[in-house]
Amino acid sequence: MSQGWNTTTLEYDEYNTLFIQDNDDNESEYSLDYEFPGPRYANYRSTIDDDEVASQLSDEELEQDRPRFDMWDDDPYNDFTWESNDMQLTKFMKRKQKEIPFTSFWKTEKGWPKQLPYSCSSTNHDQSANAICLVQSNYGISEQLYAVYRDRIIQCGKPPPPPPPPPINNTIQPLMNTNNKKLTNNRNQKRDTTWLETDREEYTSNVNNKFLDTHQSVSISKLNKLGMNNDEQQQQQQQQKEEEDNHYLSKFQPFTKYIKRTDYPTQNSYLSLGFDPQCLAQKYGYMAIGGVEGEFELYCCMDPTTPIKIWGTKFKGKDNVMLMTNSIQLVRWKNNVTQKYQHMLIGCMNEAGLLFYHLPPHQECKSFHTQKGLQPIVKLHSHLRSFHGVPINDAKLSPDGSKLVCVGDDNIIFIIHVFHCDTTGEISFSLPTEIEIPPQLFQQKSMKSTPYSSQYVCWSASSEYFAHTSDSHNLVLIWRTRTREILYTIDAVGYTYAISFHPKLDHILVFTNRYGYFHTVDLSNILYFDQQTPYSRGHQCLDSCYQGGGKHAVFHTSHLKIQHEITMVSFRGEINTKLRILAKINGIEWSKDGTHLYLATKKRVLAYQFKMTYNIPPSLLDITGLHAKKLLLEQSCSKRKKPNNTLYEWTKVPHHIQSRILGDTQELACHK
């Protein structure tokens with residue numbers, strides 16, 4: 001809040017009689033006292049519809065007699081997000097929606113999307129959208145969501161513990177949970193300071209009371225089962241029956257549009273931290289957490305009930321300059337010589353480039369926890385700084401493990417190749433290769449004067465394509481890996497943050513705005529536009545292809561259309577039911593089978609059902625493969641290895657069939 005603007009509080013006069021039905025002190029469910037120089041009027045819905053039907057982007061024209069602004073779900077823990085420039089995002093979304101044909105990728109029946117109780121999340125930086133993490137069990141049998149919530153990590157969907165019993169004999173007994181005791185020991189471990197060369201306590205609220213009154217987090221209202229008729233009860237029973245095969249999804253409840261603002265939700269902390277986390281990653285039995293001010297902690301989560309802290313540090317640069325941990329990724333490669341996995345951590349340290357750390361096997365994690373005086377067991381593998389001074393915001397390893405793509409605060413991306421030593425099987429990395437984003441893409445007047453910055457990047461399942469968002473321009477860029485060229489640009493109307501390809505379909509991509517909207521696109525017409533087939537000659541250049549003047553394929557695809565759906569993520573106030581509030585989107589994750597998209601907001605995680613894959617019946621290979629995975633998981637968890645005739649038959653299955661069934665699902669939750 002460094003702009004120096006004066007706070008302007010909008011007093012409702014004529015609009016009170018039109019929209020506000022309650023005359024108490026809380027006239028509006030949402031605060032309008034943001035630092036905006038001038039009068040502002042909120043967007044209202046003209047009708048009050050069913051409270052279990054999600055809000056949709058309507059075709060209604062906004063009133064033009066006075067400026068209309070979106071209300072968004074801000075966070076009282078960090079109040080800087082008022083600086084976002086998308087206060088009229090809905091107006092621009094309506095314009096965009098008229099340009100695209102109607103299409104629907106998601107189930108929109110009553111009760112959808114689903115919402116997960118006890119699943120609040122928050123971001124501690126206005127550019128962060130990495131607050132949720134999907135964790136799979138070994139062999140990918142089950143899944144669980146973890147999220148950043150203020151200064152802690154929570155296990156989404158896990159209810160808080162019951163209150164302690166009253167003290168006996170009027171004596172106040174110290175309360176201590178065994179898990180909290182272990183976590184306290186973890187927190188007391190020394191956190192070192194890591195100095196990097198660069199090219200260039202529990203939370204206590206100190207927020208203003210008025211701000212808390214108007215912005216505080218709210219708990220999800222419970223489903224009122226008493227008011228349901230027989231048809232609704234039968235519908236709910238049918239939905240529960242459909243969800244029996246997905247135990248985690250069965251924890252979700254039908255969507256409720258109106259959210260009560262009673263008090264802060266009680267969240268069961270999985271890990272309580274002494275800093276504000278910005279990014280989170282959990283995989284292969286590790287959990288890595290990066291902080292806003294360079295803090296970093298690594299945990300061993302082989303036993304998910306008792307995570308063990310194995311490393312903690314704080315990164316700083318020259319002259320004690322604070323470094324920010326922008327993003328992290330946990331990766332692994334199979335050693336071609338030893339046939340064992342090599343686990344590694346990749347950290348994006350802004351101006352300090354990329355850090356690669358070797359991660360220890362589980363036996364060393366246990367020794368470090370039980371024996372005092374041992375040196376840290378996480379060892380630096382590489383430090384890449386050859387990015388010409390460009391701060392790196394995100395870096396992702398391709399699914400095939402062959403290369404990394406890095407994006408940052410410039411119109412440049414970087415490709416890093418991964419090499420395997422023939423004699424030892426050890427991993428090494430090439431120097432970054434620079435690829436410039438052609439300036440011809442930013443010819444619009446609103447884009448020319450703004451320096452380009454990329455925010456997050458993602459890969460398609462085949463590693464043939466990658467895409468990245470931008471917090472400075474409205475374009476999402478799609479790249480083709482083989483030719484190293486931009487294939488297509490998507491107008492996202494506003495700045496974009498979280499992004500993810502479908503886990504199985506290369507042509508499906510989802511990305512989010514900061515508040516209120518996420519986009520789903522089908523790139524089928526784009527990915528293979530220039531490939532010849534027995535029925536097509538491929539791309540034939542038009543006059544528009546030569547006007548771009550660039551070598552990238554994007555100048556040959558601008559005339560092609562894609563399927564594009566804009567989905568609103570919002571809720572209504574408890575008091576003023578016509579005031580629509582855009583939810584702050586903190587991250588997205590696909591379910592392991594690609595049938596659902598999990599979307600994290602400040603108050604709840606929402607699950608959207610993807611119709612394209614949900615309605616496809618599983619193949620015989622999928623059914624038998626799932627049965628084999630369950631048997632393998634049961635055998636690996638058993639302390640006494642009993643002979644199993646079915647597993648003996650599994651050994652007779654050809655190796656290529658085993659590889660096709662298991663894929664990359666082995667040891668997803670452990671690091672032996």
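Strand E5 is joined to strand E6 (residues 143–149) by 5 bridges, and the two run antiparallel. Within this pair, cysteine 133 has tyrosine 146 of E6 as its bridge partner. The model described here is predicted.

The pair belongs to an open sheet of 4 strands, arranged in the order E5-E6-E7-E9 with antiparallel pairing. Strand E5 (132–136) and strand E9 (269–272) each have a single partner strand and stand at the edges, so one side of each is left without a neighbour in the sheet. From one strand to the next, the twist averages 25 degrees.

Helix H6 spans residues 362–370, and its buried residues are His362, Cys365 and Phe368. These residues lie on the same side of H6 because they cover an arc of only 120 degrees around the axis. The exposed residues Gln363 and Thr370 are carried by the face of H6 turned away from its buried side. Strand E12 (295–300) and strand E13 (308–316) are the elements against which the buried residues of H6 pack.

The following table gives values for the protein chain.

| Property of the protein chain | Value |
|---|---|
| Helices | 13 helices |
| Strands | 35 strands |
| Residues | 672 residues |
| Share of residues that count as buried | 55% |
| Accessible surface | about 32500 Å² |
| Share of accessible surface belonging to carbon and sulfur atoms | 49% |

Terms used
Residues are numbered from 1 along each chain as its sequence is written. This is a predicted model: local features need pLDDT of at least 70, side-chain atom pairs count only at pLDDT 80 or more; totals for chains, interfaces and linings use all residues. Side-chain values use heavy atoms; hydrogens and water are left out. Two strands pair if DSSP finds at least two bridges between them. Axes are lines fitted to C-alpha atoms, for helices over the stretch in contact, and angles run from 0 to 180 degrees between N-to-C directions. Buried means under 20% relative accessible area, exposed over 50%, partly exposed in between (1.4 Å probe, protein chains only). The arc is that of the directions from the helix axis to the C-beta atoms. Contact means heavy atoms within 4.5 Å. Accessible areas come from the Shrake-Rupley method with a 1.4 Å probe; for residues, only the protein chains shown count as cover.
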